[in-house]
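Student: I have a structure open in my viewer and would like to learn how to read its features. Could we go through it together?

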Amino acid sequence: VKALPQFSRRHPEILVQAREADAVRLAALIERDEVDIALCRAPSVTPQGWRFIPLVEDRFAVVAGPGHPLLKRRKVGMDELRKAKWLIAPVPMAARQAFDRLFADETTAPRTSSIVTNVPALFWSMLTREQLLCVLPVSFVKQLADARQVFEVSLAQELPFDPIGMLLQTTDAGDAVRKLAGFLEAAAARD
């Protein structure tokens, strides 16, 4: 979100069309040759003629809206997390898998909201209006955290996640694609 506007200011002659796509849709776009660069996590199988270049480290965070009581704690352990109420993502999402791993050794499932969603606006609304916790990638919540709309709960343990990177064709990259790819790599190296 920071690098693309910077690139646009530096190269106004290059049109960048940004689209959001889940893994299945991204695979279809690549297969139909409708994308030049994909900013994503490393696919389980890299498409032929493409390579993945890691750019930004990421991790999962437990986040809450302003005023959640666990935000006052220096380090929050499993006892406190177990007692909290959670907003969770649908099963196939990585955030849901991280939530499930967090509580894998627990004999009793934590309380969850009756709403399960992957809709960002609903996540933000519920987190800011209710006493809920949610496991989300730091890269996903960074702008809202910077705007002080959501806050990271200080955990006693780390929640690792795969880096975000660039899926790039290994051949037939035009000048505009090479400029954008080089700019993204340089921007990631600076951050």
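Tutor: Gladly! Helices (H or I, at least four residues) and strands (E, at least two) are DSSP runs, numbered from the N terminus. This is a predicted model, where local features need pLDDT of at least 70 and side-chain atom pairs count only at pLDDT 80 or more, while totals for chains, interfaces and linings use all residues. Residues are numbered from 1 along each chain as its sequence is written, and side-chain values use heavy atoms, with hydrogens and water left out.

Student: How many helices and strands are there in the protein, and in what order do the elements run from the N terminus?

Tutor: The protein has seven helices and seven strands. From the N terminus on, their order is α-α-β-β-α-β-α-β-α-β-α-β-β-α. The C-alpha trace spans about 55 × 30 × 25 Å along its principal axes.

Student: How do I read the crossing of H1 and H7?

Tutor: Axes are lines fitted to C-alpha atoms, for helices over the stretch in contact, and angles run from 0 to 180 degrees between N-to-C directions. Here the axes of helix H1 (residues 3-10) and helix H7 (residues 175-190) come within 10 Å and cross at roughly 130°. That makes H1 oblique to H7; angles under 35 degrees count as roughly parallel, over 145 as roughly antiparallel, 65 to 115 as roughly perpendicular and the rest as oblique.

Student: Which residues make the contact?

Tutor: Contact means heavy atoms within 4.5 Å. H1 contributes Ala3, Leu4, Gln6, Phe7 and Arg10, and H7 contributes Lys179, Leu180, Phe183, Leu184, Ala187 and Arg190. By type, the residues of this contact of H1 with H7 are seven nonpolar, one polar and three charged. For those classes, Ala, Val, Leu, Ile, Met, Phe, Trp, Tyr, Cys and Pro count as nonpolar, Asp, Glu, Lys and Arg as charged, and the others, Gly among them, as polar.

Student: What about aromatic pairs: how many does a search of the whole structure find?

Tutor: Rings of Phe, Tyr and Trp (its six-membered ring) pair if their centres lie within 6.5 Å; planes under 30 degrees apart count as stacked, over 60 as edge-to-face and the rest as tilted. The search of the whole structure finds eight aromatic pairs. In one of them, the rings of Trp86 and Phe103 have centres 5.4 Å apart and planes at 80°, so this pair is edge-to-face. Trp86 lies in strand E3 (residues 85-88) and Phe103 in the loop between helix H4 (94-102) and strand E4 (111-116), so the pair ties together parts that are 17 residues apart in sequence. Ring pairs also link Trp86, Phe99 and Phe103 into a cluster.

Student: Are Trp86 and Phe103 buried or exposed?

Tutor: Buried means under 20% relative accessible area, exposed over 50%, partly exposed in between (1.4 Å probe, protein chains only). Trp86 and Phe103 are buried. Of the 191 residues of the protein, 37% count as buried.

Student: Where does Thr117 lie, and which residues does Thr117 touch?

Tutor: Thr117 is in the loop between E4 and helix H5 (120-129). At 5% relative accessibility, Thr117 counts as buried. Leaving out residues up to four places away in sequence, Thr117 touches Leu87, Ile88, Ala89, Pro90, Leu122 and Phe123.

Student: And where is the place of Glu106?

Tutor: Glu106 sits in the loop between H4 and E4, and at 22% relative accessibility Glu106 counts as partly exposed. Not counting residues up to four places away in sequence, Glu106 touches Met78 and Arg82. Glu106 and Met78 are 28 residues apart in sequence and 9.2 Å apart in space, C-alpha to C-alpha.
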